[in-house]
Amino acid sequence: MIALLARDLALAVRAGGGFGLGLAFFLIVVTLVPFGVGPEGGVLARIAPGILWLGALLACLLSLDRIFALDYEDGSLDLLATAPIPLEGVVTIKAAAHWITTGLPLVAAAPVFGILLHLEGAGFFWLTASLALGTPALSVLGTFGAALTVGLKRGGLLLSLLVLPLYVPTLIFGAELVRRGVAGMETTTPLLMLAGITAATVALVPFASAAAIRVNLR
Amino acid sequence: MSEPPLVSVAGLAVARGGLAVLEGIDFVVSRGAALILRGPNGIGKTTLLRTLAGLQPPLAGTLSALPEAVAYAAHADGLKATLSVTENLRFWAAVYGTGSIDPALNAMNLSALRDRPAHSLSAGQKRRLGLARLLVTGRPVWVLDEPTVSLDAASVALFATAVRAHLAGGGAALIATHIDLGLHEARVLDLTPFRARPPEAGGIRGSFDEAFA
């Protein structure tokens with residue numbers, strides 16, 4: 001399983017691997033928003049938590065269709081399905097590799113991007129914390145969507161439609177956590193909800209993803 | 001008493017796209033034996049091999065090959081273009097928990113290419129790398145789907161040698177192919193008589209028909 005993670009990370013950072021794609025997209029969203037809504041600091045600071053979370057979510061979505069599509073095209077998915085690793089393990093590793101190449105850079109870069117949107121002082125901690133807690137759920141749910149659409153040509157649209165509703169709870173509680181953190185309000189409820197959503201998806205969704213792949217490989 | 005065969009199939013029917021393509025297949029493959037599957041295009045050779053590899057359930061009949069015993073090689077080699085020959089092979093060796101990749105590289109005459117990225121290999125060299133993967137799986141039953149596509153005569157001979165060594169080591173092989181591999185000791189099974197009858201003629205209805213009837 002470690003070999004699979006190492007291979008996926010090596011593929012991501014080599015030519016054409018798509019590492020940094022999500023980060024670049026996130027940067028574009030965050031730099032363009034002030035041009036769109038105007039440079040007034042108060043407005044930007046108010047919408048910053050929502051925009052930052054939305055940007056992270058869309059950046060995550062951007063690279064989802066590659067999770068299984070490349071392995072499906074070159075035949076490695078068939079070979080992985082017949083390999084000694086259980087398919088549930090394969091999809092978990094795939095989700096982990098997606099998070100490391102997409103979610104983790106977003107978590108690390110979010111404070112810097114927060115400056116561009118006039119995020120207030122207390123928000124930086126809560127933004128990083130909420131993204132660190134929430135983005136694993138985005139990767140795991142995205143892996144499920146990618147597993148459902150793996151055999152389809154140009155399945156990206158269907159994938160987005162399937163996955164976006166599943167992202168809504170994470171988006172609501174993630175952005176809410178940052179908003180409450182900035183306002184100095186009590187943060188326990190959204191924090192626990194966000195952590196709970198992530199824990200539940202990481203524990204349960206890989207089984208659904210593996211089942212979807214088994215059906216799609218038939 | 002002799003040990004049970006590695007693969008035994010009785011009354012097997014397989015379906016592609018929800019429609020039965022082959023039915024009533026019976027065969028047994030013991031240790032040290034090879035079975036060559038022949039038949040025209042579209043008869044269902046690939047479907048049968050995918051069923052044996054555990055990638056899809058049989059429509060009917062029994063199948064006693066353990067998926068854990070099978071190493072499957074499809075039309076596609078499953079190579080990653082940006083990884084080198086050794087990286088590709090080391091990955092599969094790690095997945096299957098086997099040791100050195102050097103015997104496999106030597107057996108498939110890839111040692112001189114070991115540091116080349118897979119995208120710079122020719123079609124035949126890629127195929128050889130795909131076949132070298134079988135050698136690092138350490139699994140007893142090889143299920144091979146047209147393994148010799150794009151191989152030259154020397155490489156086909158190399159492949160036949162590898163299969164013979166595998167059989168001599170107590171393995172077994174099921175090979176779907178259209179060309180003569182030079183494996184004269186192998187049994188040949190022509191699949192044409194097992195073509196599935198249409199449902200109107202009393203054949204098995206596939207799952208697709210059940211769902212949409």
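A salt bridge is a side-chain nitrogen of Lys or Arg within 4 Å of a carboxyl oxygen of Asp or Glu. By that rule, 3 salt bridges cross the interface of chain B and chain A. Welcome to a predicted model, in which local features need pLDDT of at least 70, side-chain atom pairs count only at pLDDT 80 or more, and totals for chains, interfaces and linings use all residues. Residues are numbered from 1 along each chain as its sequence is written, chains are lettered from A in the order in which they are written, and side-chain values use heavy atoms, with hydrogens and water left out.

**Confidence**
- Chain A averages a pLDDT of 88, on a scale of the predictor's confidence in each residue from 0 to 100.

**Where the chains meet**
- Here 23 residues of chain B are in contact (heavy atoms within 4.5 Å) with 23 residues of chain A.
- B:L55, B:K80 and B:F91 supply 29% of the area that chain B buries against chain A, more than any other three residues; buried area is the accessible area (1.4 Å probe) that two parts lose on being put together, summed over both.
- In total, about 2000 Å² is buried between the two chains, and carbon and sulfur atoms give 64% of that.
- A:D78 forms a salt bridge with B:R50, with the closest N and O atoms 2.9 Å apart.

**Around B:F27**
- Setting aside residues up to four places away in sequence, B:F27 touches B:V7, B:S8, B:V9, B:L35, B:L48, B:L52, B:L174 and B:L189.
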